[in-house]
Amino acid sequence: MDNIPSQKVVTRFAPSPTGFMHIGGVRTALFAYLWARKNNGTFILRIEDTDKEREVEGSITHIQNSLKWLGLNWDYGPEKPGPFGSCIQSERLSTYLEYAHILIKKGYAYPDPYTQEEVEGFRKKAEEEKRAFLFRDHRPKEFGVWDGTQPLRFRVPEIKRYAWHDEVRGDLEAGQEALDDFILIKSDGYPTYNFAHIIDDHNMHVTCVIRGEEFISSTPRFLSLYDALGFPYPQFVSAPQILRDDRTKKLGKRDGAKDILEYKDEGYLPETMINFLALIGWNPGTEQELFSKQELIEKFSLDRIQKAGAVFNEQKLDWMNKEHMKLMPEKTRNTEILTWLSKNNQISTSPKLQNVNFMSKIFPIIFDRISKWSDINTLNETGELAYFFNTPLYKKEQLSWKGESPAEVTKKYLARIIEILELASLEEFDNVEKIKSLIFDYATETGRGQVLWPLRVALSGLEKSPDPFTLIYILGKEESLDRIHYACTLLI
RNA sequence: GGCCUUAUCGUCUAACGGUUAGGACGAAGCCUUCUCAAGGCUUAAAUCGGAGUUCGAUUCUCCGUGAGGUCACCA
């Protein structure tokens with residue numbers, strides 16, 4: 001809903017530090033960010049590190065780097081505690097304990113009297129009898145005293161059918177099978193997600209919980225815990241899933257989902273990722289597809305979030321990246337191209353890289369042929385860059401138009417081009433159109449393919465390249481003539 | 001299996017119950033061209049199935065079917 005909120009909007013992104021961030025996580029973060037910014041609210045980055053087994057060293061920094069790259073700045077985060085304290089759950093243990101004791105006092109929490117093996121036995125038995133396993137069927141008659149070494153379980157206050165509202169899905173409900181005595185605090189002293197996130201959301205005044213739709217099924221449990229604690233419900237927003245190409249599964253780390261920072265390394269722009277991710281699972285209802293971050297903030301709304309899962313399509317991502325590259329200032333763009341060219345060995349040592357005049361001629365040629373910076377590497381691998389910097393190598397057969405023109409005929413044409421070019425003044429080489437006018441009439445009389453094909457191959461050494469006039473313009477009078485002369489020597 | 005969610009071109013999606021079901025990516029074709037690239041134009045391509053409500057369902061209801069999620073001392 002787009003109505004003016006009565007209280008300040010607070011959203012959060014709450015990843016667990018178990019590795020990198022993939023596009024699904026980023027999209028959730030993006031929605032939470034956009035909604036907070038649109039409402040001049042607060043965006044919190046909370047680290048949910050309550051599972052020390054799965055924790056991966058360095059993930060917190062990695063997550064922060066990912067968000068920073070995309071410009072999703074948080075108001076409170078790991079290095080920036082709020083009035084509510086730390087944004088790292090492992091530093092909030094005493095708070096969880098406090099609420100655990102409140103629940104115990106109210107009779108809504110009790111120590112689990114069973115061993116893990118015993119619980120596993122119950123589970124197996126239920127499975128054999130084709131019943132759903134519910135721990136509450138085995139709830140002890142009398143609760144023992146919790147000494148902190150057993151898991152602390154929640155006692156569901158009321159077994160009932162829960163109904164609630166989701167900003168994306170509308171009114172939802174689930175039967176009482178969804179309710180159970182889940183674990184609040186594990187035997188290692190850390191709280192579970194189910195417990196900790198609710199305490200934190202409440203204490204951090206989170207008004208709007210935006211997360212993936214995989215949490216819909218556990219929402220009734222959350223609601224029963226909100227009730228037991230006497231907390232008001234926040235707004236629930238379930239974002240649709242991002243699916244794998246084959247649609248068979250949600251995108252996850254095990255299914256080849258990429259680290260968002262890989263897209264950075266491949267030379268996608270952060271603007272593109274934001275724009276693209278926003279549009280997968282949300283749309284403004286207009287035909288506009290290209291958005292700046294600011295525009296997204298202005299136009300984003302919860303009620304236009306999609307219900308169905310969506311596939312991430314890299315072809316469209318490439319197209320969109322090109323569109324965003326076009327919007328860059330030319331200077332910035334050229335600097336970036338230069339940087340990527342310098343990464344390629346054969347080219348990096350070329351003195352031409354320092355030649356501003358020369359480089360300004362090839363920047364547009366390269367830009368035309370890429371949709372992300374790493375495409376420059378691809379161009380290099382296919383030999384589509386080297387000929388700008390070094391004399392190309394090729395077989396003399398390649399000079400022959402359609403492989404049919406005899407060598408001596410081709411040589412005659414090239415000799416004529418040499419004559420024409422030698423007569424031309426240096427100024428004429430500074431203009432593609434002028435170069436074209438020098439040669440074009442002759443080529444047309446003789447047969448354009450007959451003349452232009454060998455000329456182009458002489459200059460580039462390739463069957464595919466920019467037109468010969470542009471090549472002459474780039475290479476200049478001297479080098480162009482050298483290359484054509486060389487071609488003539490091949491054609492004996 | 002229980003519970004829950006979901007369904008428009010290949011993909012992302014638009015359409016107060018009334019449209020020739022629109023746009024974008026991709027594809028194909030044409031133009032431009034010696035070859036690429038870029039650009040311009042054009043075409044093909046969808047309402048999962050069946051009932052019902054209605055003068056009229058992509059849209060509302062029900063039943064199927066497909067797909068996904070979830071049932072942890074993971075988040």
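How far apart are the end C-alpha atoms of helix 3 (residues 93-106), and what span should its 14 residues have at 1.5 Å a residue? The span should be 20 Å, and the end C-alpha atoms are 20 Å apart, which agrees. The expected span is 1.5 Å times one less than the number of residues. Helices (H or I, at least four residues) and strands (E, at least two) are DSSP runs numbered from the N terminus.

This is a predicted model, in which local features need pLDDT of at least 70 and side-chain atom pairs count only at pLDDT 80 or more, while totals for chains, interfaces and linings use all residues. Residues are numbered from 1 along each chain as its sequence is written, and chains are lettered from A and ligands numbered from 1 in the order in which they are written.

**Helix 3**

Tyr96, Tyr99, Ala100 and Leu103 are the buried residues of helix 3. They cover an arc of only 110° around the axis, which puts them on the same side of helix 3. The arc is that of the directions from the helix axis to the C-beta atoms. On the other side, Ser94, Glu98 and Lys105 are exposed. A residue is buried if 20 or more other C-beta atoms, placed from the backbone, lie within 10 Å of its own, exposed if 12 or fewer, and partly exposed in between. Just after helix 3, Gly107 takes a positive phi of about 85°.

**Helix 8**

Eight of the nine residues of helix 8 (residues 270-278) are buried, so this helix is largely enclosed by the rest of the structure. Among the buried ones are Met273, Phe276 and Leu277.

The table lists elements that pack against the buried residues of helix 8, where contact means C-beta atoms, placed from the backbone, within 7 Å.

| Element | Residues |
|---|---|
| helix 2 | 59-70 |
| helix 7 | 260-265 |
| helix 9 | 293-299 |

**Nonpolar core**

A nonpolar core is a set of buried Ala, Val, Leu, Ile, Met, Phe, Trp, Tyr and Cys residues joined through C-beta atoms within 7 Å. The largest has 56 residues, of which Leu30, Ala32, Trp35, Val237 and Leu277 touch the most other members. Helix 1 (residues 23-38) gives the largest share of this core, 10 residues.

**RNA strand B**

Around RNA strand B are 64 residues, and Glu48, Tyr193, Lys316, Arg448 and Asp467 come nearest. A residue is near the strand if its C-beta atom, placed from the backbone, lies within 6 Å of it. Helix 18 gives the largest share of this surface, five residues.

How values were computed
Two residues are in contact if their C-beta atoms, placed from the backbone, lie within 7 Å.
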